[in-house]
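User: I have a model open and would like to learn how to read it. Can you take me through it feature by feature?

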Amino acid sequence: MLGASSSGNGGVANPELLQEVRLYENSVERERVDNMSELYAVLNALECLEKVFSRDCIAAKEYTAECSKLLVQYKVALRLVQCDIDEFVKKYRVECPAALERIREDRPITVKDDKGNTLKCIAEIVEMFITFLDQLKLNVRAVDELFPTLNELNVSISSMITLPDNFDAKLKVEHWHDKLKNMSASEEVTDENARQMIFDLETAYNSFTRFLHNS
């Protein structure tokens with residue numbers, strides 16, 4: 001004879017198992033979890049890219065551009081998480097030996113170790129684009145906080161001799177660089193200008209990555 005569950009809750013022996021597990025308790029913890037998730041995602045993306053390239057499923061120039069971008073994103077993510085990468089992959093069981101090898105060499109496998117002036121310049125440009133856009137999206141508006149990053153971006157993208165002088169991304173960066181340069185350090189950009197800046201520099205970043213894919 002089947003009787004009613006002694007637990008009195010529809011047969012669930014341990015209702016605590018159905019409770020929601022919170023990964024964070026406040027905004028600081030949430031940001032840390034988000035940063036760790038980003039690092040985890042970049043490692044997996046880099047591992048997948050290495051496997052795809054080893055199977056000859058992607059062209060060398062596309063692989064080189066994507067790998068360069070992921071290596072920069074990895075550096076940004078690691079800086080935000082502030083951890084030892086070997087301990088991170090061990091703790092969270094990330095199987096990414098090919099990605100770790102690429103990270104140790106700090107260059108795509110298609111790029112010779114020629115002290116990579118061009119590769120270094122590309123990495124700096126991508127990193128500055130990402131950093132500056134992150135600042136704007138985090139509502140940083142003070143000129144004296146925004147200008148140093150934008151200035152570094154302008155210097156790096158201007159020094160890349162393979163980019164045409166009238167290249168759209170270069171002109172957009174130069175436009176906003178000159179605009180902020182003519183403002184006083186104590187001023188703040190308006191939300192309207194910040195929104196336009198995000199739009200212009202995201203467009204510039206996409207143009208730059210397309211240039212890398214096609215070059």
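**Reading the predicted model**

Analyst: Let's begin with a helix pair: α6 crosses α7 in the left-handed sense. Left-handed is when the near helix is turned anticlockwise from the far one by less than a right angle, and clockwise is right-handed. Helices here are DSSP runs (H or I, at least four residues; strands are E, at least two), numbered from the N terminus. This is a predicted model, where local features need pLDDT of at least 70, side-chain atom pairs count only at pLDDT 80 or more, and totals for chains, interfaces and linings use all residues. Residues are numbered from 1 along each chain as its sequence is written, and side-chain values use heavy atoms, with hydrogens and water left out.

User: At what angle do α6 and α7 pack, and how far apart are their axes?

Analyst: Two packed helices are described by the angle between their axes and by the distance between those axes. Here α6 (residues 143-159) and α7 (residues 168-181) pack at about 145°, with axes 9 Å apart. The axes are lines fitted to C-alpha atoms over the stretch in contact, and the angle runs from 0 to 180 degrees between N-to-C directions.

User: Which residues of α6 and α7 meet?

Analyst: Contact means heavy atoms within 4.5 Å. On the α6 side, the residues include Val143, Leu146, Phe147, Leu150 and Ile157, and they meet α7 residues including Ala169, Val173, Trp176 and Leu180. By class, this contact has ten nonpolar, four polar and three charged residues. Nonpolar covers Ala, Val, Leu, Ile, Met, Phe, Trp, Tyr, Cys and Pro; charged covers Asp, Glu, Lys and Arg; the others, Gly among them, are polar.

User: Which residues of α6 are buried?

Analyst: Buried is under 20% relative accessible area, exposed is over 50%, and partly exposed is in between (1.4 Å probe, protein chains only). In α6, the buried ones include Val143, Leu146, Leu150, Leu153 and Ile157, along with Thr149 and Ser156. Over the whole protein chain, 39% of the 215 residues count as buried.

User: Why is Glu127 classed as buried?

Analyst: Glu127 is buried because its relative accessible area is 17%. Glu127 sits in helix α5. Apart from neighbours within four places in sequence, Glu127 is in contact with Val72, Val76 and Arg79.

User: What is the phi of Gln82?

Analyst: Most residues other than glycine have a negative phi. Gln82, which is not a glycine, has a positive phi near 55°. Gln82 is in the loop between α2 (60-81) and α3 (85-91), and is exposed at 69% relative accessible area. Arg93 also has a positive phi, about 55°; Arg93 is in the loop between α3 and α4 (97-105) and is exposed at 71%.

User: How many helices and strands does the protein chain have?

Analyst: The protein chain has eight helices and zero strands.

User: Where is confidence lowest and where is it highest?

Analyst: pLDDT is the predictor's confidence in each residue, from 0 to 100. The protein chain averages 86, and 86% of the residues score at least 70. Confidence is lowest in helix α5 (residues 117-137), at a mean of 88, and highest in α7, at 95. Over residues 1-8 the pLDDT is below 50, and beyond near neighbours in sequence this stretch has two contacts in the model.
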